[in-house]
Amino acid sequence: MTLFPLILLAFGLALIGWLVARARAARLQSSGRERLHSLPGQHGWYVAMWIAAPTLIFIAFWSWLSPALVVDAVLATPEAAQLPAAGFERQAILGEARALAGTEGLGAFNPLAETLAPAFEVYIARYAWIGTGIAVLLAFAGGAYAFTRIAPAFRARTQVERGVMLMLLVASLIAILTTLGIFLSLLFESARFFSIVSITDFLFGTVWSPQVISERDPGATLGAVPLFWGTFFIGAVIAMAVAIPLGLMSAIYLTQYAAPAVRRWMKPLLEILAGVPTVVYGYFAALTVGPALRDFAALLGFPYASSESALAAGLVMGVMIIPFVSSMADDSIAAVPTSMRDGSLAMGATTSETIGRVLLPAALPGVVAGILLAVSRAIGETMIVVMAASGAANITLNPMESATTVTKQIVDLLTGEAEFDSPKTLAAFALGLTLFVITFLLNIVALRVVKRYREAYE
Amino acid sequence: MSSTLVPEVPVTNGREPAERAPTDWKTHAMQSRIRKRYAAERRFRLLGLGAVALSAAFLVFLLGTMLINGAGGFVRTEIALPLDFPALSLDVEREQLAQRGADLALAGAGLQNAVGVAAVSAFGDEGEDYLADNAWLTVREAIKDDPSILDRRVTIAVPASSRIHLAATDDAEPAIEAAAARLNAAGALTRGFNWSFLTGSDSTDPTSAGIWGALKGSLLTMAVTLALAFPIGVLSAIYLEEYAPKNRWTDLIEVSINNLAAVPSIIFGLLGLAVFLGTFNMPRSAPIVGGLTLALMIMPVIVIAGRNAIKAVPPSIRDAALGVGASRVQVVFHHVLPLALPGILTGTIIGMARALGETAPLLMIGMRAFIGSAPEDLASPATVLPVQIFLWSDQVSSGFVEKTSAAIIVLLVFLLAMNALAIYLRNRFETRW
């Protein structure tokens, strides 16, 4: 049986266990010799827990283990002796044979795959039945154990609640596991990359051209400085030049000047900008903004105008970040105590003088933290630069020229059909690690500042 | 500068302030200073208004461009093609048409060629180019519906090629423009809603490309995401908000969650590539892997929204439940959670909307292949709506421009519906304590 019917089976058995155990506990209660410690439903949950938990854990374990067992069994068949010894072709044939198993009448690309397919079919079915058998056995064993414990004095509720607490704890540990998983997987692949290319070549080299990697000195064309510069230039300079003034001024206008009705309508409207998927921005940048800017630059007489300019990507990215900056600024301005604002106005300052000399200085830490978060978002943004920026790694200050970013290069490196172990593929993970570390630091600093700032006015 | 606004008060060392004449606001200097300050005030205010207006204008321009470009994608141009079946002499047995092999029989009888011949005889030498590549499929369906048309002359509306379609709706090369005008004058061109756009899958021919395959891929992926992220997110929100002791471990969990919410999405794609594909050998481009990756991505969003919703439930409810003898688990699952549910659901829908629009992590796990049919199950190769938009945007053929924008419109409609649902839930069920 495949995964989903198995999971359904586990839940079905648990439901039956729940009903039976509840009925049994209810009968104990109505026979009335002794008072039950727990409600009949809680006895039901206890049995259901004992059925579902071991079965589901086994299913998870089995779905991870059984494909390997199937392959081992198939490799032991006489037909498998003709397989090439190792490497890509062997994997491809095995994969094709597995895909052929269970589908009828499809021709195979590789004749060997066709001879292996029946073996796959047999062993997949066999291991599926073994798995189902063990799962049912486990369910009955767990259920039977729990069922024998049903007694008036049995503290089913305490046991169930202990189980619930364990479940809650496990659920919240998944966040740590994810962070750890990200960090370790990036670190592991990067370590393999840095065993081929030296870390100084990567971090300080100024030539990035992964299309030509020489065997002798792979680090010579894998210097990431142009990418770091492009990322910084597009995400932290051009995008912020758009997002900070527009976002900050929008927040100020909407909180300090706008009539409540205007604010009620304009704020959600601007938030839509943040809800538009990035692929839409990317398409917009590539199709409309890029060519328009190129024509405009050509009109002004720029020599190297490109339709994949850094400006097009940065501009559109800035628009995307506006609501982000504006809502952070909104929050920090709103957190400044009203008494400070009222005091300034009462002294005769105009609203703009109050904003410029009282509110903004007081809200500055929050605003700066918001901008840091916005930068971290901009440099991690992928689709806009993938679609609108170019792949040419230049170190340039001219926004009309093309520049490339870390995220764009990660996508480019990983979408070719290269092997998993080549320095080209592994370089993507090294770039990913760099990106992760930088955004992680930006986030930690920004969240710290926001927290401390909030405490200052509370 | 403040010293210039108000006349300076002499330092008095704690004694009575020195006498000075009251400020004369009527003087010319004072009046012009006030005028300057008010002008600055107005300028600042206009600047703010301008920022809001400019941002809103960007939005309108963005959506307007997509709407104008994409409207054509929902329309298709059809050509009324006269077919003289007796003259075309298709070699087809009538009995075969009633059976399951009808498609094969008609294809074997050279129907595709015959349609081309009919187009040439009707519209001249280039007639075949006026029809879409899949025009003969429409004819095939018509024959299967009513085999008797094989004995007579009929006119069937078939999809026009994307060049004719573009010429009929937009500017194009003069030659094609003239051909379209000629067809139009002959009354052969009609336009209708393009149902095949909503029901078809990806194709190399823009006229027959549809989004159903990508949409189904998106729905399957979202189902996996929701099934994983919602329970795990809610459970960990409950733990952190209601039960977690304050210690180093729970601090670590909190920091992890807050950071995960801000980690770039492409990093989650790298995680999916290294862990789900690399370590666990799960199938490439499958909705289940996409769903797992996106679930990890939006789980922190759900946890944060869930914690805020749980925090908003007043302590008096917990105290009352504890007071009548409920256990701590019962307090949460019977009382706090139902009250917090609208807030949790709102956060979940917003997180799901984010996952639905996400592209980059799915590119990393290989969901960018050309998939010509809708995915069958969670493990079969699939693509999703945003990735389909990305793939079409790369196509050279100009017919894909309006298809891309039309797909964007469909995606935006879904996102809008989800956000509207979130707003409705919030307004309908939110309780202020």
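Which residues of chain B does the UniProt annotation "transmembrane region" cover?

1. Going by the unreviewed UniProt entry, the answer is 46-68, 219-240, 260-280, 286-310, 331-353 and 406-425. Bear in mind that UniProt positions are given here in the numbering used for this model, feature names are shortened, and annotations may be inferred rather than shown by experiment.

2. Some housekeeping. This is a predicted model, where local features need pLDDT of at least 70 and side-chain atom pairs count only at pLDDT 80 or more, while totals for chains, interfaces and linings use all residues. Residues are numbered from 1 along each chain as its sequence is written, chains are lettered from A and ligands numbered from 1 in the order in which they are written, and side-chain values use heavy atoms, with hydrogens and water left out.

3. Two of the annotated spans are worth a look. Residues 46-68 of chain B come out as 100% helix and 0% strand, with 31 Å between the end C-alpha atoms. For residues 331-353 of chain B you get 100% helix and 0% strand, and the end C-alpha atoms are 31 Å apart. Helices here are DSSP runs of H or I, at least four residues, and strands are runs of E, at least two, numbered from the N terminus.

4. On to the chain pairing. Chain B puts 73 residues in contact (heavy atoms within 4.5 Å) with 77 residues of chain A. Together the two chains bury about 6500 Å², 80% of it on carbon and sulfur atoms; buried area is the accessible area (1.4 Å probe) lost when two parts are put together, summed over both.

5. The rule finds 1 salt bridge across this interface, taking a side-chain nitrogen of Lys or Arg within 4 Å of a carboxyl oxygen of Asp or Glu. B:R37 and A:E353 form a salt bridge through their side chains, at 2.9 Å, N to O. On the chain B side, helix α2 (residues 28-71) gives the most, with 21 residues. That side divides into 53 nonpolar, 15 polar and 5 charged residues, with Ala, Val, Leu, Ile, Met, Phe, Trp, Tyr, Cys and Pro counted as nonpolar, Asp, Glu, Lys and Arg as charged, and the others, Gly among them, as polar.

6. Within chain B, the assignment gives domain 1 (72-193) and domain 2 (212-429); such bounds come from an automatic or database domain assignment. Their C-alpha centres lie 45 Å apart, and they bury about 520 Å² between them, 63% of it from carbon and sulfur atoms. B:G73, B:F74 and B:L166 supply 75% of what domain 1 buries there, more than any other three residues. The salt bridge count between these domains is 0.
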